[in-house]
Amino acid sequence: MVTIDDYGDYETAWCPGCGNFSILKAVKQALVARELKPHEVLFVSGIGQAAKAPHYLNAHLFNGLHGRSLPVATGVKLANPGLTVIVESGDGCNYGEGGNHFLAAIRRNIDVTLIVHNNQVYGLTKGQASPTTAEGFVTKAQPEGVASASFNPITVAVAMQAGFVARGFAGMIDHLSELIQQGIVHRGLALIDVLQPCVSFNKVNTFAWYKERCEPVGPTYDPTDWEASMKVAGQWGDEIPIGIIYRNDRLPFEEHFSVLSQGPLVGREVDQAILKEIMERYG
Amino acid sequence: MNILIGGEAGQGLVTVGQLLAKSLVRSGYFIVVTQSYQSRIRGGHNTFVIRVRTDEVSTPQESVDLLVAFNEDTVALHRGKLTPAGLIVIDGASDVKGDCILKVPFKDLAQGRFSNIAALGIVGSLLGLDIGLMTEVLDNFFGKKKPEIAKENRGVIEASVRWVAGQATSVLQLPEIPNAVQRLMMNGNECIALGALSAGLRFCSFYPMTPSTSIVLNLAGWAKQMGLIVEQAEDEIAAINMAIGASFAGAPSMVTTSGGGFALMGEGVSLAAMTETPIVIVIAQRPGPATGLPTRTEQGDLDFVLHSGHGEFPRAIFAPGTVEECFYLTRRAFSLAERYQCPIFLLTDQFLADSYRSVMPLDIKSSPPLRVSSEVVVESLPYKRFAITENGVSPRLLPGISEHLIVADSDEHTEDGHITEDLSVRTLMVKKRLRKGKWIDSDVIPPDMQGEKKPDLLLVSWGSSKGAVKEAASRLRTEGKRVATLHFSQVWPLMPEQFMRKFEEARQVVCIESNATGQMARLIRRETGFQIENKVLRYDGLPLTPESILRELTH
């Protein structure tokens, strides 16, 4: 029996009132609900305030470079597919610095749960625009307003037919926790983009702003209908749909590798007979 | 004997070259192959040069004895290098004029099969190779799937041999080798692949980049049987981060690239150092800056590899001097990476990567086998991945193997791996990581010293130029000069006590490198204070040869 206490309770480096606290709580709840023990779960994170989240619970952790969590997670999962691998980092990390890896991870469909804390701003470096910042949003680094259009990760992921695409809101912890659970259960890449207020640097997309707009998709919504999903994915404004936007049952990446049917790549002996055969081919 | 096969890309000259080289190795000869090609798929001018000897050889030569021309440009470009007794072999339809030309009716001899099979038959029989042996090499190459094709190939070889027998050109016959010893034909990249497999490689990620790519091509074909994963990443940044992830989870990992791709890996190198994750990084050099000469050779990235990765951390850099060393040093790189939990580099170049040689069967039994993790000791809970130890190496456990939690961070971290800004911990961690460097220092391969004890001339070299420098020295000795060579196959760390006396005892020291600024000479000065005034530097994209070295030394 796994309890929330197994995942610990630690002091954080976050601002009071930060959306990260709710996401951390939702993550712990999801792990407990899935009855996963800390040593069965490996987090990979990048750089930013969101990337610190896995330091504040008990599990394996590789806190790597800015933007590079998905490649590390891919390597981990291929080496030991038995681990539940979760990437947790921010919008700048995953959609900006790591944009190419985001696209490649969707194509691979590696069985990793990708939780993106999306506060539409760079918090740790004090308020510059992120890829998801709205066009025109004024920051100290973009005093005339952001000149680029914002990146919609949900639209991109659905367009690429990612295995599992969901959007959550940090202000709805139980709903978010349910999404994370579903993401963990899903075999393949599961994107959970989490809308999250930044109390220090985003005075537009506040808790109240999101609360007014976030609306769970209804029970009749069919996330396996790709064309319908594309429409919902693009919705942003007065009403922002949250929940599982799209899913399919593509084969997970690691199942393409027959060597993994014999278990993890860890602790295997070198097959001397085959090695000798290989060498003799050069004769 | 030096055989140059030249023509356009796409004409199959590499196939003929490989088949001929293999026939020569199977006949018991020693070879050194130099491949020179352009960065294109069709057209242009490429060469495949095989130097053949009855005794051991480890460097190319410049003069040509047999020029096999797939087009007339090849004759125009290389005729000047032909020795007085040399011969040009070219298609009968060619207009090329002059002495010593053998015009061959390739099309007739090929009888509808590929002309290059006839070329193999012609050249092979000019050299006096056995028909049965050549057809066996062909069968191995094309596979024995279709017996009628094997029969046709044999017919082409026999017709070619008969045709040669009707010509008056037997001067090129190689001396026969009785009781030929069975050797392998391997190039540098193949030896790196085999070395990695024998070391226990389980994960290799890469982004294709000449001249490194054939390492992974050699691995990929065996991945299933040998139980490893080879993954083509979206870019080099992903490649090194994937390998770090796989290694963190316990799979011995490697990345392969060239200078430009390695530039993208820099931050990953630093990450491996900070998280103390073992990784082997192979860099096959080509001339830079930027895209440079993509398919040519240079030793221009020593400084770069030495300094790549921000921050201070220990590393080791191997630079194989022969294809055999590619095998053994790759294995050593894996063993060091796991032992010291840090990035270990293997620095080769296009010349060595593509240079086929005849090598004795390699000692593939790795002893002791690679040790990836420490024993799990349950009493020592909670486990501290970065426990401060005397030699700097912390006992390493793997995630998912026991109930211990493994935490690593690119930020400065406490012993249990969690992010910290406690500056006293910072100091302790820096010292811990650097202590591993002291241990690496005690395990450095000394440079190879050959020749007179107190020489008039000491030739210093590193990496792939080993054979060229050795042969240049031996030619100087036959002229009565007192010459010695000092060759580095490990270029970092440098341990001055291993070689300083050699420098001081020599009347003159010359550093020989394939770069424009003498990077090794500079490194030696930085580490020892000893200034090597004289240098032989080649940076036109071609490998150092004994001739090119002697020209510079004597002018």
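**Chain A meets chain B**

Me: How many residues does each chain put into the contact?
Reply: Chain A gives 49 residues and chain B gives 67, with contact meaning heavy atoms within 4.5 Å. This is a predicted model, where local features need pLDDT of at least 70, side-chain atom pairs count only at pLDDT 80 or more, and totals for chains, interfaces and linings use all residues. Residues are numbered from 1 along each chain as its sequence is written, chains are lettered from A in the order in which they are written, and side-chain values use heavy atoms, with hydrogens and water left out.

Me: What area do chain A and chain B bury between them?
Reply: About 4800 Å², 68% of it on carbon and sulfur atoms. That's the accessible area (1.4 Å probe) the two parts lose on being put together, summed over both.

Me: OK, how many salt bridges across the interface?
Reply: Two, counting a side-chain nitrogen of Lys or Arg within 4 Å of a carboxyl oxygen of Asp or Glu. One salt bridge joins the side chains of Arg108(A) and Glu234(B), at 2.8 Å, N to O.

Me: And which elements give two or more residues to chain A's side?
Reply: Strand 2 (60–63), helix 2 (69–79), helix 4 (99–108) and helix 9 (272–281) of chain A. These are DSSP runs numbered from the N terminus: helices are H or I, at least four residues, and strands are E, at least two. Helix 9 of chain A has the largest share, eight residues.

Me: Switching topic, what does strand 2 of chain A pair with?
Reply: Strand 15 (residues 407–409) of chain B, in the parallel sense over three bridges; pairing takes at least two DSSP bridges. Leu61(A) stands opposite Val407(B) there.
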